[in-house]
Amino acid sequence: MVAAGAAAAIPAVPHQASAATLLSASTSHAAQTAPVPPGAKGPVIPASGYLVEEIADRTFWVTDGLYQSIFLTTSDGVVVVDAPPTIGHNILRAVSSVTTAPVTHAIYSHHHADHIGAMSLFDGARRYAQAEVVKLLRQTPDRNRPLPDVSFEERLTLHVGDDEIQLDYHGPNHAPGNIFVHLPAQRVLMLVDVIFPGWVPFAYLAESQNIPGYLDAPARALEYDFETFVGGHLTRLGTRDDIAMHQQYIADLKTQAANAISTFNVDQVYGEVDPTNPWAIFNAYLSGVADQAAQAVTPNWIDKLGGADVYTWSNAYAAVESLRIDYGNLGPFGIRP
Ligand SMILES: [Zn+2]
């Protein structure tokens, strides 16, 4: 077994296209989207492809400009939260750059491969995840995401050396099993794939499987005592103000989605599509409602949050569909008179 953190064990040259390569390749299309607001920009990623910085007492973030993981150096080894494969071996390089201690504890924020798909690198570490994550990983076995050694339902407090790491599950949000990771002494909170500091959420409200849980999660986050927020993405870390701004965007989206459900002219749809094709009717209706909501929301955020022109339509679509089927605001598809 190779000790995690040993620099000699890490290949020197990455063999795959890095996230930085993807980013530079995409710059030729920059003109097709609105300028990225200054507040969405983060630190420059060094030529190595990753940035590692101490963000609180012995707490470091590692980022490639797209994904984020954190680690805490304790007197009893290194605790890592998440292992995005795009950062991959650079997480081990980052750890090795600040300590010779091995990674002894690995925490899974949730089961998605894009955030924990390099967990296999922490050979010998004890792995922790919420119980739903175990079920989901059993469903789709992946050697890069080993089953955790320890699982919990609602709460697990880890004591490593003199440090405390609080893992809380408040129910499904972006995904079942997605937890809040709190370092109380360091005043750091990590909650992945919910709030994207400086940016609107990823497509379809971060492709959340439980939209009401997703919508509630930022308020739960603000109940914690923290100064630094780690969202797992994108260009930078966050603060409490970033969560408040995210909540304002979501509130605007919900308001305009509800408004569009009540005011959208359904007759317009029936005039446009094959009346014998119910899928065409649904598609035209939901797309039309999402169009109307997105047109009202996007201008309010285009200068404030990155990607407002890119993902507000899909976020509006997800908000509309959730208002309909989760909250029962069915508009013209309600109880027939
Ligand atoms: Zn995810």
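1. Basis of the note. This is a predicted model, in which local features require pLDDT of at least 70 and side-chain atom pairs count only at pLDDT 80 or more, while totals for chains, interfaces and linings use all residues. Residues are numbered from 1 along each chain as its sequence is written. Helices (H or I, at least four residues) and strands (E, at least two) are DSSP runs, numbered from the N terminus.

2. Strand E1 (residues 51–56) pairs with E2 in the antiparallel sense over 5 bridges; two strands are taken to pair if DSSP finds at least two bridges between them. The hairpin of E1 and E2 has 2 residues between the strands, and Arg58 takes a positive phi near 60° there. E2 is also joined to strand E3 (residues 68–74) by 5 bridges, again antiparallel, and Trp61 has Ile70 as its bridge partner in E3. In this second hairpin, with 4 residues between the strands, Gly65 adopts a positive phi near 95°.

3. Burial of E2. A residue is called buried if 20 or more other C-beta atoms lie within 10 Å of its own, exposed if 12 or fewer, and partly exposed in between, with C-beta atoms placed from the backbone. Strand E2 (residues 59–63) has 5 of its 5 residues buried. Thr59, Trp61 and Thr63 lie on one side and Phe60 and Val62 on the other, so that both faces are covered.

4. Gly88. This residue is found in the loop between strand E4 (77–81) and helix H2 (89–98). Gly88 is buried because 23 other C-beta atoms lie within 10 Å. Gly88 and Ala125 are 37 residues apart in sequence and 16 Å apart in space, C-alpha to C-alpha.

5. E8 and strand E9 (residues 163–168) run antiparallel and are joined by 6 bridges; Leu156 stands opposite Leu167 in E9.

6. Domains. The protein chain is divided into domain 1 (7–15 + 33–238) and domain 2 (250–333), with bounds that come from an automatic or database domain assignment. Their C-alpha centres lie 32 Å apart. The contact takes 16 residues from domain 1 and 20 residues from domain 2, where two residues are in contact if their C-beta atoms, placed from the backbone, lie within 7 Å. On the side of domain 1 that touches domain 2, helix H5 (203–207) and helix H6 (211–222) are the elements that give two or more residues. That side divides into 14 nonpolar, 2 polar and no charged residues. Here Ala, Val, Leu, Ile, Met, Phe, Trp, Tyr, Cys and Pro count as nonpolar, Asp, Glu, Lys and Arg as charged, and the others, Gly among them, as polar.

7. Packing of helix H7. The axes of helix H7 (residues 240–263) and helix H10 (residues 308–325) come within 9 Å and cross at roughly 65°. Axes are lines fitted to C-alpha atoms, for helices over the stretch in contact, and angles run from 0 to 180 degrees between N-to-C directions. The residues of this contact divide into 9 nonpolar, 1 polar and 1 charged. With helix H9 (residues 278–301), the axis of H7 comes within 8 Å and crosses at roughly 145°. The contact of H7 with H9 comprises 10 nonpolar, 3 polar and 1 charged residues.
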